[in-house]
Amino acid sequence: MITSRLRSHIALLAFALVASASARAGEGVTLQYKQKEGDRQIYETSSSMQQKQVVGDQTLQTAFTMKEIAVRTFKEPTADGDFTIASENKRLSFTANIPQVGEYTYDSRKSERESGTQLADELNKVFGRLDGAEITFTMTPRGEVRSVSGIQELLADILEENPIGAQFVGGGSNEAYKIGLAERLVYLPGKPVQPGDTWEQSFSAKLPSLGTMTAKRTFKYEGPDKVGDRPTARISVASEMVFDLNLDQGDADVSGTLKTTKGQGTAQFDPEAGRLLSFKSEIALSGELSVKVGEMVVAVQTEQNQTNTTQLLEELPD
């Protein structure tokens, strides 16, 4: 039979354990980007898109892939404590297969370029400028991109009469590049979180020559994890996007709305080092577009499936 004193000791021990666990649980985990001047990180980002368009009884399949490797060098922090980052493009590759237009490949490691086709004539100019380019942006410790400079100045002249090229760089504006960066970064909470906690990020932008975009992302801290021997925080991301398109393609005007039917992703973040290790997302969009050629208007049912990945590398690949 358990004595009164022993019961008291057991009760006190149990209370202490519960109190300790509650205190630890109450602390949560703090997630924020940590950088200092001179830090250098290498990120590989890749995108793939498959698009199906139905025009009457005809089905058109479009596909492209793009991969970039950039070195991000952190400059001195701003007066507000934000990070100033110079991102230099070291590798760039792109492939496209567009119905009734053709195929195209660009690889920055090869000295010879495709030529003699509409895609090559237009896209060589764009990717030739992006190859080796340096873009500067500022980012908060939470991962919010404040501003971007360099991309608009780099591409403005060659996009004036290049509607095809403009589509592949979001119209070539600094604002479009800012949105692209935001989509590849994980926006972090402003307070410690525990497994199951969620937070949101919303943004919108007007994309020159393309239209407007609005988006909302909901993040959820799933809990502690590991990448190899490296402790990480696993974060899931649910995305909602709306694209109101208004494209002038020279001989045709394209308008309509695409909305997400699926938007999900998973990121691995290193809390101690304060950096993103990896982020993969999958997004599906659908909607009806109208293509106007002269006085004729054609309805086009459109579906897109996109996969985007971001990966921190230890060194530049050969």
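Glutamate 103 is exposed, with a relative accessible area of 58% (exposed means over 50%, buried under 20% and partly exposed in between, with a 1.4 Å probe and protein chains only). The model is predicted, so local features need pLDDT of at least 70 and side-chain atom pairs count only at pLDDT 80 or more, while totals for chains, interfaces and linings use all residues. Residues are numbered from 1 along each chain as its sequence is written, and side-chain values use heavy atoms, with hydrogens and water left out.

**Glutamate 103**
- Strand β4, residues 102-107, contains glutamate 103 (strands are DSSP runs of E, at least two residues, and helices runs of H or I, at least four, numbered from the N terminus).
- Leaving aside residues up to four places away in sequence, glutamate 103 touches Ala96, Asn97, Glu114 and Leu119 (contact means heavy atoms within 4.5 Å).
- Its side chain makes a polar contact of 3.3 Å with the side chain of asparagine 97 (a pair of N or O atoms within 3.5 Å; within protein, one must be able to donate a hydrogen and the other to accept it, and residues adjacent in sequence count only if both atoms are side-chain atoms).
- Leucine 119 is 16 residues apart from glutamate 103 along the chain, with 7.6 Å between the C-alpha atoms.

**Aromatic pairs**
- The structure holds 9 aromatic pairs (rings of Phe, Tyr and Trp, the last by its six-membered ring, with centres within 6.5 Å; planes under 30 degrees apart count as stacked, over 60 as edge-to-face and the rest as tilted).
- Tyrosine 33 and phenylalanine 269 form an edge-to-face pair, 5.2 Å centre to centre with 85° between the planes.
- This pair links distant parts of the chain, 236 residues apart: tyrosine 33 is in the loop between α1 (4-27) and β1 (40-55), and phenylalanine 269 is in strand β10 (residues 253-270).
- Tyrosine 33 is buried at 4% relative accessibility, and phenylalanine 269 is buried at 0%.
- Tyrosine 106 and phenylalanine 127 form a tilted pair, 5.6 Å centre to centre with 35° between the planes.
- That pair joins strand β4, which holds tyrosine 106, to helix α2 (residues 118-130), which holds phenylalanine 127, 21 residues apart.
- Tyrosine 106 is buried, with a relative accessible area of 3%, as is phenylalanine 127, with 0%.
- One aromatic cluster is formed by Phe64, Phe94, Tyr104, Tyr106 and Phe127.
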